[in-house]
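Visitor: I have a model open and want to learn how to read its features. Where do we begin?

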Amino acid sequence: MKKELFDFLNTDLQFIKGVGPVLAARFEDVLGGRKVLSFMLHIPAYIRARGITENVQDATAGDIITIPLLVKSHKKGGFFRGRRTPTQITCADKMGNTVLVQFFNVNFLDYWLKKLPIGQWRMISGKLERGSRATINHPDFIEEMQNAEKIPSIQAIYPSGEGLTQKTFTSVRDQIFAILPEKLESETDPQVLEFFDALRHVHFPESADDLEPNSVYIAKLAYWELLAHQSAIVISRKNRKEEKNKRPIRPKKYNLLEKFYTTLPFSMTGAQMRTLDEIFNDMTQPIPMMRLVQGDVGSGKTIVALAAAIKMAETGAQTALLAPTDTLAQQHYAKIKPMCDKIGIFCDVLTGRDKGAARREKLISLRSGRTKVVVGTHALFSEDVEYKDLGLVIVDEQHRFGVSQREALRAKGNNPDLLALSATPIPRTLSMTIYGDMDVSIINEKPAGRLPIKTTKLSITRIDELVARLRTQIQNGAKVFWVCPLVEESEQSDMTAVETRYEELKKYFPGAGLVHGQMDKKQRDEVMAKFADDISDMRILIATTVIEVGIDVPSASIIVIENAERFGLAALHQLRGRVGRGNLQSYCILVFGKNVSEDGLKRLDVLTETDDGFKIAEQDLIMRGTGELLGTKQSGWINYHFVDYRMHHDLFKLAANAARMADIPDAWTRDLMYIFDRGIEIGA
């Protein structure tokens, strides 16, 4: 890959016209990165055809239409008796039929009215609804007649996120692919050219078939992605065995582990002890440990990780536990520190919040070796952080960290052991393919005393009954999560927005809290901390999926998941795991919308029938392959961009064989390993 192309792929999205730092940050949340390459690997989920018509009577309710309309009159909306009324633009098609165009967002009234001046024709595209009159709510496109060609006849719809519109995705896509040919001019490798040609086809699909897993373009991209991943596994396995990567065996200096076991108020399960035996055996080998511990929500992975850290402390070496969020790091610290105190080892926490003298003290303690266990976020591998002897790195929710981050932490020690934790069960049939260079331990038992979460599904039409039941439960001391899939109301979705639901629920629950991804991080953490505090008056937390990982409230016993049919099974199971973490009987209510599909109800039935994460993962694989989360590809296991576990099963084998046959990858494979950073996520 030539330097000019390489530099372009690494360009920060904020430098693309019309993006800037704020939108780039929002893209990062959705793409998992903010480079041009990150965007190019994020392909459309489906297409939306926009049929052109001149007579609204020729279209049926639910159709996406593009139609020329004459603007007849304006009627401003606002608030009436506490309720919001829409702005209404009365129009007529070429046959004289009335079409009502409505906008519900009162903040942009003047903007919409200027876009639709009275007496002018405009080409309008959106979803047709029928009541007393034909209506288009929040059109997707409004163009002057001379610019009608700007409205696509086939629109690629991208998996999106909070604060991003399809128009933004389309604008960024068009700019990137307009620049790309110039960057490819000096490329002579036919595989590089073929790769970017396939990418262009899936970003500009001509039909729905172009986005199917078995399309020629998706299949090519999936194979190349798997080849990058499998090549990385082969290289990683080979490198681990090289003499230069071996490390001296640390002798035991202190007796801490038995003391730790005696301080526990419970007995470990058989699965936990079996996993610890496997970990401890790895720690006695000259080859650094590379082990993944899979355990369902609430299976006791944290205690296993702490036992491994104490085993390392017996040699005098240090352990760093890397968590994906500040909140989760603080919660791990709150759990782990009292146990470390009891056995006489010093535990600390280091996050981005630590500044000034307090941070310097923590760094001195790490450098001196006094701190034996440190919990933190990405701050653990900052340039100024030094360890006296880092022997073990524990990565919680390992798929959330990029290879460069993890390797930066490992570089802080002398080939330290790596223990990765994952609460997302992977079907056994796939674990060896996906994590071929890691040893895998499975904790498949729940601690004694944990009651199964009672899961039910409920129609949105019974929401008033649910609120009444929750009021009674909260009066009796219950704590409740209420999860919504969106932040703000969208003209393109019938899903309830979290802010709208919050405004409604706080009428019944005055102490209600609200958290979502667009909030300031500090403010969000404060709300979560208040909800977790048993003496606070906040008994219900209305949230988006930001609570999926990173909050532990043992006293919370009820979770309501609204529009549950829009989530994948893996995500629903993770969300359900926010309750049932204490000894209280817990409940999960899956609220489904009016337009739920048969497949959507089947997914909910799986959740009501079992709480076994491994069975759910198998069903997830059978029902939807890589699956969907609010329209985005989401495997729950490894975040492939193009791979569908069901449709590309043979490609796994082909890629694995090709990778094994090549001792050293050629230039094209090295390019692929760079392109698919997640391909070298495990064990690079």
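**Reading a helix pair**

Guide: This is a predicted model.

Visitor: Why quote an angle and a distance?

Guide: Two packed helices are described by the angle between their axes and the distance between those axes.

Visitor: Which residues in α6 and α22 meet?

Guide: From α6, Gln191, Val192 and Phe195. They meet Trp668, Asp671 and Ile675 of α22.

Visitor: How should I read the spacing of residues along a helix?

Guide: An α-helix has 3.6 residues a turn, so residues three or four places apart point the same way. Now look at α22, residues 667-675. Its buried residues are Trp668, Thr669, Asp671, Leu672, Met673 and Ile675.

Visitor: What caps the N-terminal end of α22?

Guide: Asp666 does. One of its side-chain oxygens lies 3.2 Å from the backbone nitrogen of Trp668.

Visitor: How many residues are in the largest nonpolar core?

Guide: It has 51 residues. Those with the most contacts inside it include Leu13, Ile176, Phe195 and Phe676. Several helices each supply at least two residues, among them α1, α5, α6, α21 and α22. The largest share, eight residues, comes from α7.

Visitor: What does Ile176 touch?

Guide: Leaving out residues up to four places away in sequence, Ile176 touches Phe8, Leu13, Ile16, Val36, Phe39 and Met40. A second, separate core has 41 residues, including Leu276, Ile310, Leu321 and Ile343.

Visitor: What about backbone angles?

Guide: Most residues other than glycine have a negative phi, and most peptide bonds are trans. His138 is not a glycine, yet its phi is positive, about 45 degrees. His138 is in the loop between β9 and β10.

Visitor: Is His138 buried or exposed?

Guide: Buried, because its relative accessibility is 12%, and the cut-off for buried is under 20%. Asn415 also has a positive phi, about 50 degrees, without being a glycine. Look for Asn415 in the loop between α13 and β17.

Visitor: And the whole chain?

Guide: Count 22 helices and 26 strands. Of the 684 residues, 55% are buried. The chain exposes about 30200 Å², with 51% supplied by carbon and sulfur atoms. Take the contacts between residues at least 6 apart in sequence: 72% of them join residues at least 24 apart.

Conventions:
Residues are numbered from 1 along each chain as its sequence is written. This is a predicted model: local features need pLDDT of at least 70, side-chain atom pairs count only at pLDDT 80 or more; totals for chains, interfaces and linings use all residues. Side-chain values use heavy atoms; hydrogens and water are left out. Buried means under 20% relative accessible area, exposed over 50%, partly exposed in between (1.4 Å probe, protein chains only). Helices (H or I, at least four residues) and strands (E, at least two) are DSSP runs, numbered from the N terminus. A polar contact is a pair of N or O atoms within 3.5 Å; within protein, one must be able to donate a hydrogen and the other to accept it, and residues adjacent in sequence count only if both atoms are side-chain atoms. A nonpolar core is a set of buried Ala, Val, Leu, Ile, Met, Phe, Trp, Tyr and Cys residues joined through side-chain atoms within 4.5 Å. Contact means heavy atoms within 4.5 Å. Accessible areas come from the Shrake-Rupley method with a 1.4 Å probe; for residues, only the protein chains shown count as cover.
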